[in-house]
Amino acid sequence: MKLSDTTLLAVPPAAVMEPFPAPGTGPLAHLADSEIRHLLRGFPGSAISGALALRSGARIADFEACLFGILVFYRPHGTGAPDGAPSGTARLHEDLGLDSLSMSEAMFKIEDLFQIRVDNEELTAITTIADARRLLSRKMQSQPPTGPDA
């Protein structure tokens, strides 16, 4: 599956609430619902619902909800909850309170979930949720297809 910022941005954010096509066509199609729920056990609902939606589609709002939930889960203890809904403009350090350790932990989970690899240089360049989504999209485009049809 090919993803691009242009494709993702063409879908209105409200589309996150619409029904999706059958599972198997999105960037997390390689995982069953039960596997996603297991991998994200204890994570905020936005991470789980966004990831489940990404089994069958690649909407920007789903990427951002999934990433936001994962990043919020790894916030250092004592960090206040972020205000508002997930937003691509949310800054990881200033708005979410993430430090380098929490960013690394979150990226390990994202790598595991999306079957990608992110190096330290790429990680330090991420400053917003939109940056993380763009990197994820780029990584998924450049990796060879996996699964039974590959």
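Mentor: A helix here is a DSSP run of H or I covering at least four residues, and helices are numbered from the N terminus. Note also that this is a predicted model. H5 is followed by Gln115, whose phi is positive, near 55°.

Trainee: What makes H5 count as a helix?

Mentor: H5 has 15 residues, 100-114, and the definition asks for at least four, so the run qualifies. H5 reaches 21 Å from its first C-alpha to its last, close to the 21 Å expected at 1.5 Å a residue.

Trainee: How many helices and strands does the protein have?

Mentor: There are seven helices and zero strands. Along the sequence the pattern reads α-α-α-α-α-α-α.

Trainee: What caps the N-terminal end of H5, and how do you know?

Mentor: Asp99 does: one of its side-chain oxygens lies 3.3 Å from the backbone nitrogen of Leu101. The cut-off for a polar contact is 3.5 Å, so this pair falls inside it.

Trainee: Why is Gln115 called partly exposed?

Mentor: Its relative accessible area is 39%. Buried means under 20% and exposed means over 50%, so a value in between is called partly exposed.

Trainee: Which residues of H5 are buried?

Mentor: They are Ser102, Met103, Ala106, Met107, Lys109, Ile110, Glu111, Leu113 and Phe114. In an α-helix there are 3.6 residues a turn, so residues three or four places apart point the same way.

Trainee: Which helices do those buried residues pack against?

Mentor: The buried residues of H5 pack against H2 (33-39), H3 (45-53), H4 (60-73), H6 (120-125) and H7 (129-142).

Trainee: What makes H7 largely enclosed?

Mentor: Ten of its 14 residues are buried, so the rest of the structure largely encloses H7. Among them are Ile129, Ala132, Leu135, Leu136 and Met140, and also Asp131, Arg133 and Lys139. H7 reaches 20 Å from its first C-alpha to its last, close to the 20 Å expected. For the protein as a whole, 45% of the 150 residues count as buried.

Trainee: Where is the largest cavity, in terms of the residues that line it?

Mentor: Its lining is Leu67, Met107, Ile110, Ile116, Val118, Ala132, Leu135 and Leu136. H5 and H7 each supply at least two of the lining residues, and H7 gives the most, with three. The volume is about 40 Å³, and the structure holds one cavity of 30 Å³ or more.

Trainee: How many of the contacts join residues at least 24 apart?

Mentor: Among contacts between residues at least 6 apart in sequence, 65% do.

Trainee: What share of the accessible surface belongs to carbon and sulfur atoms?

Mentor: The accessible surface comes to about 8,000 Å², and 56% of it belongs to those atoms.

Technical notes. Residues are numbered from 1 along each chain as its sequence is written. This is a predicted model: local features need pLDDT of at least 70, side-chain atom pairs count only at pLDDT 80 or more; totals for chains, interfaces and linings use all residues. Side-chain values use heavy atoms; hydrogens and water are left out. The expected span of a helix is 1.5 Å times one less than its number of residues. Buried means under 20% relative accessible area, exposed over 50%, partly exposed in between (1.4 Å probe, protein chains only). Contact means heavy atoms within 4.5 Å. A polar contact is a pair of N or O atoms within 3.5 Å; within protein, one must be able to donate a hydrogen and the other to accept it, and residues adjacent in sequence count only if both atoms are side-chain atoms. Accessible areas come from the Shrake-Rupley method with a 1.4 Å probe; for residues, only the protein chains shown count as cover. On a 1 Å grid over the protein atoms alone, a cavity is a set of points where a 1.4 Å probe fits but cannot get out, and a pocket is an open set with protein on both sides within 12 Å along at least five of seven lines; lining residues have an atom within 4 Å of a point. Grid points are joined across faces, edges and corners, and a volume is the space filled by probe spheres set on the points.
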